[in-house]
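Please open the model in a viewer and keep the selection tool at hand.

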Amino acid sequence: MAKPVILRRVRCYHCGATLEVGSRAITVSCPACYQRVAVEDVRFKGMQFGGDVRTCGAVSVVNKSQVQAKMIQASQGVDIQGRVDARLVAGDTVNLAAGSRLRGDCNARTLRVEHGAQIDGGFFRIGPDPSGDGSAPKRTG
Amino acid sequence: MTQPTNQNTTVIGPDAHFKGEMSFDGAAKILGTFDGSITSKGEISVGQGATCNATVHAARVVVDGTVNGDVQGDELIELNNGAKVTGDITAGNLVVVEGASFEGHCKVGPNAGVKRVAPAPAQPVTERPRIETRSMRPASVASESAASPGAATAAVARATAGAAGNTSWLKGEATSKDEQNAA
Ligand SMILES: [Zn+2]
């Protein structure tokens with residue numbers, strides 16, 4: 001007997017449309033903007049340099065690992081235990097664990113900084129601002 | 001205006017509007033409006049509903065209200081639910097509670113470049129500091145409203161911080177809302 005498909009709701013980071021995807025889906029095609037949307041959780045371990053990371057899931061950077069990217073965009077938040085050199089856009093919480101280090105701008109709904117974490121002076125926009133929902137910035141006019 | 005509480009805390013009441021510089025050895029709580037700069041070797045708390053258009057520098061800064069200006073907390077900055085900070089943050093440690101918002105550059109950690117609050121000026125005001133207040137209404141009106149119950153809360157320049165053991169240093173002017181309304 002086939003297992004029932006559990007659906008979860010994610011928001012397309014290209015256009016902001018809400019999608020329903022299977023809990024095990026890795027990528028889907030957005031029915032609104034027809035673009036490929038990553039919906040998996042991304043976990044960084046070791047060294048990672050270059051490129052963008054965009055997902056409707058969550059991103060975690062494990063202890064002692066290092067990530068250097070132009071941008072990390074995660075609708076369900078970013079958990080950093082290692083070292084990150086990137087611009088963060090999170091639809092949920094950005095968590096900086098003790099001993100972690102962030103260098104770059106940050107746009108998130110909430111920020112949690114544990115004692116001993118280090119932030120190196122990027123521009124931060126924290127708050128229940130819809131622009132931090134993990135979707136691409138909307139053009140007006 | 002400013003009123004001491006039992007634990008060496010100077011309180012700027014919700015009806016007060018202070019413009020200028022303020023420096024404390026102990027703790028201070030802003031409940032009204034503050035424009036200028038405020039420093040403390042202890043804790044500065046910006047209460048709910050308070051607005052600080054000021055640079056704030058203290059060992060610990062706790063924000064529940066609104067701050068437009070740079071905030072430096074040598075040990076800790078805490079942004080609680082409802083806090084709104086627009087300005088740069090430099091802190092030894094940072095706590096942002098859900099519901100707080102912040103926009104500006106952020107430096108956190110032991111190497112954030114926090115410079116400890118300098119000691120208060122050489123001649124601190126240890127006795128009842130006087131806050132210059134502008135008389136904004138005729139004496140007759142002033143004496144009349146002094147008898148009214150509203151005026152009791154609007155009592156200006158009761159900065160008896162020295163009596164509570166909190167050495168403070170004030171430079172600026174303060175007005176109460178009653179005064180502003182009467183003006
Ligand atoms: Zn889309």
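Begin by selecting Ser40(B), which at 0% relative accessibility counts as buried; buried means under 20% relative accessible area, exposed over 50%, and partly exposed in between, with a 1.4 Å probe and protein chains only. The model is a predicted one, in which local features need pLDDT of at least 70 and side-chain atom pairs count only at pLDDT 80 or more, while totals for chains, interfaces and linings use all residues. Residues are numbered from 1 along each chain as its sequence is written, chains are lettered from A and ligands numbered from 1 in the order in which they are written, and side-chain values use heavy atoms, with hydrogens and water left out.

**Around Ser40(B)**

Ser40(B) belongs to strand 5 (residues 33–46) of chain B; helices (H or I, at least four residues) and strands (E, at least two) are DSSP runs, numbered from the N terminus. From Ser40(B), follow the side chain to the backbone oxygen of Gly26(B), which it reaches at 2.5 Å.

Next, select Lys41(B) and Asp25(B), which form a salt bridge with the closest N and O atoms 3.5 Å apart. A salt bridge is a side-chain nitrogen of Lys or Arg within 4 Å of a carboxyl oxygen of Asp or Glu. This pair links distant parts of the chain, 16 residues apart: Lys41(B) is in strand 5 of chain B, and Asp25(B) is in the loop between strand 3 (16–24) and strand 4 (27–30) of chain B. Lys41(B) is partly exposed at 38% relative accessibility, and Asp25(B) is partly exposed at 31%.

Now display the whole of chain B, where there are three helices and 13 strands. Of its 183 residues, 46% are buried.

**Where the chains meet**

Select chain A together with chain B: 19 residues of chain A are in contact with 16 residues of chain B, contact meaning heavy atoms within 4.5 Å. Two salt bridges are found across this interface. On the side of chain A that touches chain B, strand 13 (106–113) and strand 14 (118–126) of chain A are the elements that give two or more residues. Strand 14 of chain A gives the most, with nine residues.

Select Arg125(A) and Glu103(B) to see a salt bridge with the closest N and O atoms 3.3 Å apart. Then select Glu98(B) and Arg109(A), a salt bridge at 2.9 Å between the closest N and O atoms. The latter pair crosses between chains, from the loop between strand 11 (94–96) and strand 12 of chain B to strand 13 of chain A.

Move to Phe102(B), in strand 12 (residues 101–108) of chain B. Phe102(B) is buried, with a relative accessible area of 1%, and the residues it touches include Phe124(A), Ile126(A), Leu79(B) and Val85(B).

**The zinc ion**

Finally, select the zinc ion, whose protein donors are the SG atoms of Cys12(A), Cys15(A), Cys30(A) and Cys33(A), lying 2.3 Å from it. Donors are N, O and S atoms within 2.8 Å of the metal (3.2 Å for Na, K and Ca). In sequence the donor residues are spaced C-x2-C-x14-C-x2-C. Cys30(A) is buried at 0% relative accessible area, whereas Cys33(A) is partly exposed at 23%.

Terms used: Polar contact = N/O pair within 3.5 Å; in protein donor to acceptor, adjacent residues only side chain to side chain. Lists of a residue's contacts leave out its neighbours within four places in sequence.
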